[in-house]
Structure formats: structure tokens, C-alpha cells
Amino acid sequence: MDIRSLEPFWVLQNSFITSYPSLTEDITTSVVIIGAGITGALIAHTLIEAGYDVTLVDKRDVCHGSTAASTAMLQYEVDVPLYTLIDKVGITNAVTSYKQCDVAIDTLEAIVSEINSNCDFRKKESVLFTTEKKEVPSLRKEYEARCNHGFEVSWLDKNAIQGLGVHNGQAGIKSTAGAVINPYIFAQDLLLYAVKKGLKVFDKTEIKDRNQKGDNMVLTTRTGNVIKTSHVIHCTGYESVETLPKDTVTLISTYAIASEVFADLPSPFKNMILWDTADPYHYYRGTEDGRIIMGGGDTPFKNAKARDSLLAKKEKQLVKTFQKTFPAIPFIKDYSWAGTFGETKDGLPYMGKPDPNRNEHYILGFGGNGITFSVMGRDVIIPSIEGRPHPFLEYYKFDR
Ligand SMILES: Cc1cc2nc3c(=O)[nH]c(=O)nc-3n(C[C@H](O)[C@H](O)[C@H](O)COP(=O)(O)OP(=O)(O)OC[C@H]3O[C@@H](n4cnc5c(N)ncnc54)[C@H](O)[C@@H]3O)c2cc1C
């Protein structure tokens, strides 16, 4: 097969799992979640377990936003290196953010087990490497920062990193904490689980208008139906730019390729996820059916058409980079796709209320670590609704 598609790999592989109705009447509900990707599913699950009356709406079919495009490498390493993050946001915030991303991987594993999801969640070692000699001192600085703050890491020298098959590898940092998942199956399974516990889901239901009326919010859909609710939670991913101040997030187009199935998945892709220090970086993982997925080629987002028109060029560049980096592994491209994600000024997410006077909350797991940030969003959503403090509501607030 050789598919270049505007549909991501996970969707083609798994097709449509469940279809929900669209909203065709006016309703009243305690909480509305806008956005049924992995974030909306995680938040819905948390609120349903806590006994809230929750309705989830999505303008597309569920899980067809960036969740379906994600390469879904789960890492505690934020896009911004720890030593740089410390300079940007201080030791407590930076170290807590790294540590809590680590905790989020275990939390995700526990949820997978609770809902019995067949989403190929697997723990992996995570390797950050460089093929550039000049990058070694800053990689070493990062290694020392992680050691100093209690992270379990080991230093891979030139021999060790080249021993993993990285041609021209100069050095690397290996962490024990990492994982992969099929994000599309997981989010779909989580929604089904929450629906059994009382969650109401409406797909193909776009929220066009939101008004604060006294203590409540009134939402209007594209087709004119009205939803009255006490709280609105935006889990709208990169499309949140439509409802937020301009400088909150920078949108990036990113590209991914999946190889044909290997009879025996080459080492190191069996037990490791890998990424490099290039700018923009490249990231690599294996799948349970024996493929290698690689992502990268990031470029500023203009619009979906412009993003998708670059796919042919970007897939060629990615294959070329793969062959340069792992020359002993023949990469035959089977699929390629494009996606969008958001980048923030400090690599950290946004959570909570941008406007204290409105009952609107956001859980925005931006960046290459979007999924672990979304898991962390579970911890703050109830404090945010109940108006209670939480450290993440301070670290990840909008006016920081
Ligand atoms: C190619 C690629 C690779 C990535 N790799 C990784 C990775 O390795 N690890 C990682 O952690 N993260 C990765 N990410 C980021 C990660 O995928 C995202 O952070 C995550 O999927 C965001 O999920 P979400 O549910 O917040 O957003 P989405 O999945 O985009 O869901 C938002 C939903 O909101 C809906 N919506 C928007 N506006 C409205 C409206 N007005 N009314 C109704 N519905 C609306 C949309 O239809 C959409 O379904 C990657 C992203 C891409 C694109």
C-alpha cells in the first residue's frame, strides 16, 4: 500500500468505531464539554466518575481532530529542556511539570486498565539524541539538570548511541519513563465507557455562540439549538485559537509517516521511543503491528489547505532524514498524513478560566506532550469548576 491521505493513519486503520447522534433539540445540563478528542474524553470520564451531569459535543465525528493525527509518544520530557524551563518559569514549576508528566503516564496506564481498552498502551524507554557535535554540551547540561532533580536517566555516549543504530549519533539521554498508545482507540473506548456511566455525546454539533447569562452559560449550535448549562469546558485543541486572545498559542503544521510492516520490528523501535535535538525535531516510535512511525517537518500553520499541500514534499524529507539517521533500516513508506498542534511560549499547557467572570474553563494540552498534559487536566477540572485553588491552575494560567 502507498497512501498519502488527509485522513490520519489511526483512522484509516481503525475506521469509524462508534457514531453518535447530532443534537436536534434544546437541552439543559450541568456541564458541557466542547471537543471530543482525547482531552474531552479524559475530562468527561473524570467528571462522570465524580457524579456530574455531563454533555459532550463535537463538530466532527468524535476523535477526528488532532487526536487521530497524533503519533502518541508519551513522555515526561516537555518540548522545552528542563534546564531552560527552570530559567523560564522557576524550579518548582519546571520540576513539577516534568514530574507530573511522568505521573500522567502511570495514570493513563491505570485508566487503560480500568476501562479495559485494547489501545496498545506499552511502556517504553525514551531516548533524546543528537547527531550534531555542537549540541552535545547542551544535551549534557540537560542530563545534569535531570539528574540533579531526581529523574532516572542515563547518559549515552557516542558509542552507545551509535550502538542503537543512530548513524552519526553523538550522544543521548535515556529515560526509563515513556510509553506509546493508539490515541484514537483509547479516546473512543474512554467515551464508550463514560457513555455507559451516563455521559451524553452529540457529534456533528458545532457550538457557534456562547453567552454568560447570570450564573449560567447559554450555548447555541450551528443549527440553532440551545444548551443551558452551569459550566462550559473547552477541550477544543488547536481550534481554541478561535475563542482565545491572539498571542496565547502559535499553531504549527506537523507531518508523519508510517512504514510498511516489518516482519521483525528493528531494534531500537521495539522497546524505545526516540526523538532528536534538531530544530524542528524528529520523533520515532514503533507500533504493535510492526511499523515505524516518524514525525516532524514542523512548519508554521497558515491554513489546512496550505498544510496539506506540503504533504508530498514533507513525506520525502522525512523518509530522507530517516534513512540518513538509520541507514541500516530500509523505510518503505506506507502512509503519510499531516496535522496541527499548538505551541506555547514556555512549552507548558493552558488550564483554567481565561476570564474569571465567565463560567468557561479550558484544558489545552498544547505541544509535543499534549497527551500527558491532557491527563494532568483531569486534576484541575473539578477545582476549576468549584473555584478552588490548585497548583496547575497557577502554573498554567492564561495571564502568566
Ligand atoms: C502529527 C501529530 C503528532 C503528535 N504527536 C504527539 C505525541 O507524540 N505525543 C503527544 O503527547 N502529543 C502529540 N501530539 C499532540 C496531541 O495529538 C494533541 O495534544 C492532542 O491530540 C490534543 O487532543 P485534544 O482532544 O485536546 O484536541 P483534538 O483531538 O483536536 O480535539 C478537539 C476537538 O474539538 C472539536 N471542536 C473544536 N471546535 C469546536 C466547536 N466550536 N464546536 C464543537 N466541537 C469543536 C474538534 O472537532 C475536535 O474533535 C501530536 C499532534 C500531531 C498533529
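The legends below describe close-up views of one predicted model. In this predicted model, local features need pLDDT of at least 70 and side-chain atom pairs count only at pLDDT 80 or more, while totals for chains, interfaces and linings use all residues. Residues are numbered from 1 along each chain as its sequence is written.

**View 1. The shell around the ligand.** The ligand has 39 residues around it, and those that come nearest are Gly37, Gly65, Gly237, Gly339 and Gly370. A residue is near a molecule if its C-beta atom, placed from the backbone, lies within 6 Å of it. Two or more residues of the shell come from each of α2 (38-49), α3 (66-69), β14 (250-259), β18 (333-343) and α11 (370-386). Helices (H or I, at least four residues) and strands (E, at least two) are DSSP runs, numbered from the N terminus. With four residues, α11 gives the largest share of the shell. By type, the shell holds twelve nonpolar, 22 polar and five charged residues. Here Ala, Val, Leu, Ile, Met, Phe, Trp, Tyr, Cys and Pro count as nonpolar, Asp, Glu, Lys and Arg as charged, and the others, Gly among them, as polar.

**View 2. The ligand and the two domains.** The ligand lies between domain 1 (3-69 + 184-247 + 347-395) and domain 2 (123-179 + 251-341), because both give residues to the shell around it. The domain bounds come from an automatic or database domain assignment.

**View 3. Helices α2 and α11.** The axes of these helices come within 9 Å and cross at roughly 30 degrees. Axes are lines fitted to C-alpha atoms, for helices over the stretch in contact, and angles run from 0 to 180 degrees between N-to-C directions. α2 and α11 are therefore roughly parallel to each other; angles under 35 degrees count as roughly parallel, over 145 as roughly antiparallel, 65 to 115 as roughly perpendicular and the rest as oblique.

**View 4. Helices α4 and α5.** Helix α4 (residues 82-89) packs against helix α5 (residues 91-115) at an angle of about 140 degrees, and their axes are 7 Å apart. The two helices are therefore oblique to each other.

**View 5. An open sheet of three strands.** The strand order is β4-β9-β5, and the pairing is antiparallel. Two strands pair if DSSP finds at least two bridges between them. β4 (73-75) and β5 (122-123) are the edge strands, each pairing on one side only. Two bridges link β5 to strand β9 (residues 178-180) in the antiparallel sense. Lysine 123 has alanine 179 in β9 as its bridge partner.

View 6. Serine 267 and proline 268 are joined by a cis peptide bond with omega of about 10 degrees, and proline 268 is in the loop between β14 and β15 (272-276). The bond from aspartate 279 to proline 280 is also cis, with omega near 0 degrees; proline 280 lies in the loop between β15 and β16 (283-286). Alanine 72, in the loop between α3 and β4, has a positive phi near 55 degrees, although this residue is not glycine.
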